[in-house]
Amino acid sequence: MATFLYKLGRLSFRRRRYVALLWVLLLGGIGYASSAAPAPPADSFSMPGTDSQKAFDLLDERFPAASAEGATARVVIRAPEGEKITDPAAKAGVNQLVAALGKGPQVAGVADPYKANAVSKDGTTAYASVTYKVISTELTDKTHDALTDATDKTRAEGFTVETGGDAVQAEQEMGGSAELIGIAVSAVVLVITFGSLIAAGLPLLTAIIGVGIGVSGIAALGSVLNLSGTTSTLAMMIGLAVGIDYALFIVSRYRAEIAEGREPEEAAGRAAGTAGSAVVFAGLTVIVALAGLSVVNIPMLTKMGLAAAATVAIAVLIALTMIPALLGFAGKRALRRKDRKNLKSRADSKDGKDRGLTKPGASHGTTDAESTKPNLGTRWARLVLRRPVTVLLIGVLGLGAVAVPATSLELGLPDEGASAPDTTQRKAYDLLSESFGAGFNGPLMVTVDTGGTKDAAAAAKTVGTSLAKVDGVAAVTPASVNPAGDTAIITVVPTTGPSDHRTEELVRTIRSKASGLEADTKSDVLVTGQTAMTIDFSQTLDDALLPYLGLVVGLAFLLLMLVFRSVLVPLKAALGFLLSVAAALGAVVAVFQWGWLADVVGVDQPGPIMSMMPIFMIGVVFGLAMDYEVFLVTRMREAYVHGARPAEAVVTGFKHGGRVVGAAAVIMISVFSGFIMENDDMIKMMGFGLAIAVFFDAFVVRMAIVPAVLALLGKSAWWLPRWLDKLLPNMDVEGEKLHKSLAPSSSRAAEDEGRDKDEEERELEPVRG
């Protein structure tokens, strides 16, 4: 692979104008196609095979006018202080509000609170349920404005009016600037790392082009592949992060090759052949992790995962082709001005003697002064090699302590009770809980289907009478029967709120009684509603967690075995990943569930962790964690294969890869941290979880635990059974074949002789670390 990528890099360098033009034309063409394509479909959340989804599908078929999946709004009205909502004057005001709500665009119907028994026992509060013909993402601005105007007018008359439900437009404070914050911080880190505006600009430029192509492609194919507008959220987040990182590694290797005295074209080819090989396998691990979300069997997650995986593939292709092409334009200007001067003076004084193939284990320093002065990565690696047990214990115990809160993890989907206290959704939630009971914020819908017979009313009455006696049920409303008379809907109000675990137990109890009720009434009884959908969603994710983890870790283990030709290194990588994910989940629980540092992060209301968070973090973080494993350990493997001792290989890996991996991690953390500033709790939690996971994995696991383990394993770290070594194809990620093919015969013979001597010394002298 290294030889092929070497040739590809040189070809892209020589044909840089055509390569750059091709990518620009591709961006423009896909951008034009996305602008001309029909609007992407709205989000459609479904969970095939679950009871709640079956019930929703049944209601869509039997109650088309009821808009079972349509958006809803709950308008809560409280009378002025000292008055009753049933007073004639207050009643007139409520009736005017109901009439105004019914005239709004896209409204399917409004339930009169006086006819629907939606008045509190103390007579102070009532609520009107508004049902829309379309789902929430298809509501127009005129619809939102009509709802706001109606409630504002009633509020101006002295009533307390608050609105909840998915029809209410959520306020966004950031306005989509999270990506800009990540890019800005990334630019600063790149400038500090490279000391050159040109070198810093290349990763940013290619990452933006890659994300632009990916997101535009999603928009262009949205109507064809049924990809909603939010499908691109994950693609943008991941594509931007890995796009910068992949380009960063190739540019960094190019600068190292130039510093050794090679011509720019040769340096670009070698950078693509060595660092590019690591990019390919790192990208494959991310693609496997994202595409693996398909096993969860939730179409929305499947589409998000596949779209993000495609964007990562584009980032890999751009890094392998467009980066060498742009380096062709930059040439030696990708180096710092100081390094260019040192390189020129060194070339003049040594008359080009430094040009040519690097000897086994030789350093890639930029200047003679730098070669004698160890950098931070070298000093850190030597420290770890001196105290591997201490570093390992501190790292493992520290992450283990952070992971402790994960043992009390409570999963759920955020409801309006977790909204900020000053939002109308939260105020409506609190008014309903106070006046009617917590269960009114999450009623259950029970469908009774008689299978074509017209006795649904009688069957529903039997079911309703039985459910009213169940512990945890506050009320059961009379059944609504469809015109055909074969299907009925019963609303069951729990005594507990939608996120309460007792509500989940109630749903299970009702479903367990369903089989007996079905036998008595000769009908199908299903439980649905937003609360039941949330419970089924969490259960679906729980059931898919272990199969998904096994699939992702298993496939990535095989990929890493191909990369490192080792059994213990991939095993160590997988175990380190599990440790970092556990610690990240512990931090998420401590902040978002327990409320630690909630004010700092901006958590208004601690509550259950989003159900998809564990599986989402496993998928995304595993791919990103393997990035750092591949980039850092590949350099160690390269040094080991070229003759370095195990301990020397660890130092070499950190000398040339530590700073770059650290910069890549900081960039990725900054990209994810930008999303913490979003007002959306789900995006905030995702951004925090990914940022803290990358921090733990990059700086604790990969920078501390990995070298400590390699130091303790010594040569055993690179052990591979002979039969397996013959069975696995040699991908030549470390570029050994490439170096041999480029070396003159005399140099190759000397190199082989030197390696033989090193092998003899290693056999005679035990190697620590």
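The questions below take up helices and salt bridges.

Reply: This is a predicted model, where local features need pLDDT of at least 70, side-chain atom pairs count only at pLDDT 80 or more, and totals for chains, interfaces and linings use all residues. Residues are numbered from 1 along each chain as its sequence is written, and side-chain values use heavy atoms, without hydrogens and water.

Me: How far apart are the end C-alpha atoms of helix α7?

Reply: Helices are DSSP runs of H or I, at least four residues, numbered from the N terminus. The expected span is 1.5 Å times one less than the number of residues. For the 24 residues of α7 (residues 197-220) that gives 34 Å, and the end C-alpha atoms agree: they are 34 Å apart.

Me: How many residues of α7 are buried?

Reply: Buried means under 20% relative accessible area, with exposed over 50% and partly exposed in between (1.4 Å probe, protein chains only). α7 is mostly covered, and of its 24 residues the buried ones number 18.

Me: Which residue forms a salt bridge with R253?

Reply: A salt bridge puts a side-chain nitrogen of Lys or Arg within 4 Å of a carboxyl oxygen of Asp or Glu. R253 is buried at 5% relative accessible area. The closest N and O atoms are 3.1 Å apart, and the partner is E257.

Me: Which residues are linked with E266 in a network of salt bridges?

Reply: E266 pairs with R270, the closest N and O atoms being 2.7 Å apart. Both are buried. The network links E266 with R10, R14, E265 and R270.

Note on methods:
Helix = DSSP H or I, 4+ residues; strand = E, 2+ residues; numbered from the N terminus.
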